[in-house]
Amino acid sequence: MAADAGQGGAGPLYGRVALIGLGLIASSMAHAMRAAGLCRHIAGHAPSAATRAVARELFCDSVHDTAAGAAAGADLVVLAVPVGAMGAVAAAIAPALTPGATVTDVGSVKQAVVAAVAPHVPPGVHFIPGHPIAGTEHSGPRSGFATLFRNRWWLLTPLPGTDPAALARLRALCEGMGANVDAMDPAHHDLVLAVTSHVPHLIAYTMVGVADDLRRVTDSEVIRYSAAGFRDFTRIAASDPVMWRDVFLTNKDATLDILGRFTEELFALQRAIRLGDGPHLHAYFTRTRAIRRGIIEAGQDTAAPDFGRAAAAAGGEGVPQAVALPGQRR
Ligand code: NAP
């Protein structure tokens, strides 16, 4: 089935879009696509009847008991399930895919998704992996909202030989939902995200675990006196356990690489503290402060005091947030 409207706001980019998985990312896409008139019909599937009922009520035009039922006749199929489930879902929808259709995904890891999904994609169907760098610590079909992707990056990792027209159409969809689009190699994506998101999450999980142990000793002091840094860690550490389990299981090499470097740096700082090496600590913190300034100058966070808390309603994968203060537009 071919969409009969062009790109650039002239009308819907796709006829039928099938969302497989109906959680935070899929429901946000549905709200955003509907708000911008980017497609004609949103079909959906999730395994649980409870999720399907919410999707039917809130954002899907049709809801299906099977993934193949949702994917049948779709111009665009979006795999929005945990990374570890991508392969099985791709196998399930493969017989229903129509030649000329595009399959994309929103998984937080790209090499593992390519390896799991690509073998199931039939000839004549375009597979263009993707990853919106946007999210919150909430999950499920009620957690989505239309502005989640606004001013955030959506990374596409097209494979060699990708059809330029299919890529341009998907890019236009992401942009239509308010995202900035960039393309990169899947391996590079996984390394970048290990630095900006995956290892920071692991550190947050660890720090909250340490504080939880401490709380048993000091009663509720950790919670009562929790400062901004720790509160931010608890927000990140509240993210969906299945999603993050799969991220670490499937982005193993890059995560271990960056974690190794992190541990070395930590030991260097530990040594400087033990030796009372003030110049080392000062030089290190001066360098990191400059990095923070760079993030603000790049428009990926605000310079608001109190860690931008007043403006930061939503976080996402532990990466810098593009949030606007009241009365301030980015
Ligand atoms: P979510 O809110 O937890 O929703 C996951 C959805 O996948 C649910 O509808 C769930 O169905 C469905 N699902 C789970 N296992 C499945 C299976 N084996 N087969 C079919 N459907 C299955 O998750 P999300 O935050 O939207 O994340 C979805 C994807 O986006 C993940 O790959 C994640 O890595 C990626 N991502 C997440 C974020 C973020 O910050 N959350 C950001 C960018 C990308 P039920 O409701 O029936 O259980």
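**Exercise 1. Find which atoms of the protein meet the ligand's oxygen atoms, and how much of the ligand is covered.**

Step 1. Start at Ser48: a polar backbone atom of this residue is 2.8 Å from an oxygen atom of the ligand. That is a polar contact (a pair of N or O atoms within 3.5 Å; within protein, one must be able to donate a hydrogen and the other to accept it, and residues adjacent in sequence count only if both atoms are side-chain atoms).

Step 2. Now look at the cover. The ligand taken alone exposes 910 Å², and the protein buries 82% of that. Such areas come from the Shrake-Rupley method with a 1.4 Å probe; for residues, only the protein chains shown count as cover.

Step 3. Go on to Leu22, where a backbone N or O atom lies 2.8 Å from a ligand oxygen. For Gly23, the corresponding distance to an oxygen atom of the ligand is 3.5 Å.

A word on the model before you continue: it is predicted, local features need pLDDT of at least 70, side-chain atom pairs count only at pLDDT 80 or more, and totals for chains, interfaces and linings use all residues. Residues are numbered from 1 along each chain as its sequence is written, and side-chain values use heavy atoms, leaving out hydrogens and water.

**Exercise 2. Describe the shell around the ligand: how many residues surround the ligand, and of which classes?**

Step 1. The shell holds 28 residues (each with a heavy atom within 4 Å). The closest are Ser48, Thr51, Val81, Ser108 and Gly140.

Step 2. Sort them by class: 16 are nonpolar, 11 polar and one charged. Here Ala, Val, Leu, Ile, Met, Phe, Trp, Tyr, Cys and Pro count as nonpolar, Asp, Glu, Lys and Arg as charged, and the others, Gly among them, as polar.

**Exercise 3. Is His189 buried or exposed?**

Step 1. Locate His189 in helix α7, residues 186-218. Helices (H or I, at least four residues) and strands (E, at least two) are DSSP runs, numbered from the N terminus.

Step 2. His189 has a relative accessible area of 0%, so this residue is buried (under 20%; exposed is over 50%, partly exposed in between, with a 1.4 Å probe and protein chains only).

Step 3. List its contacts (heavy atoms within 4.5 Å). Not counting residues up to four places away in sequence, His189 touches Ser108, Val109, Lys110, His131, Leu155, Thr157 and Met184.
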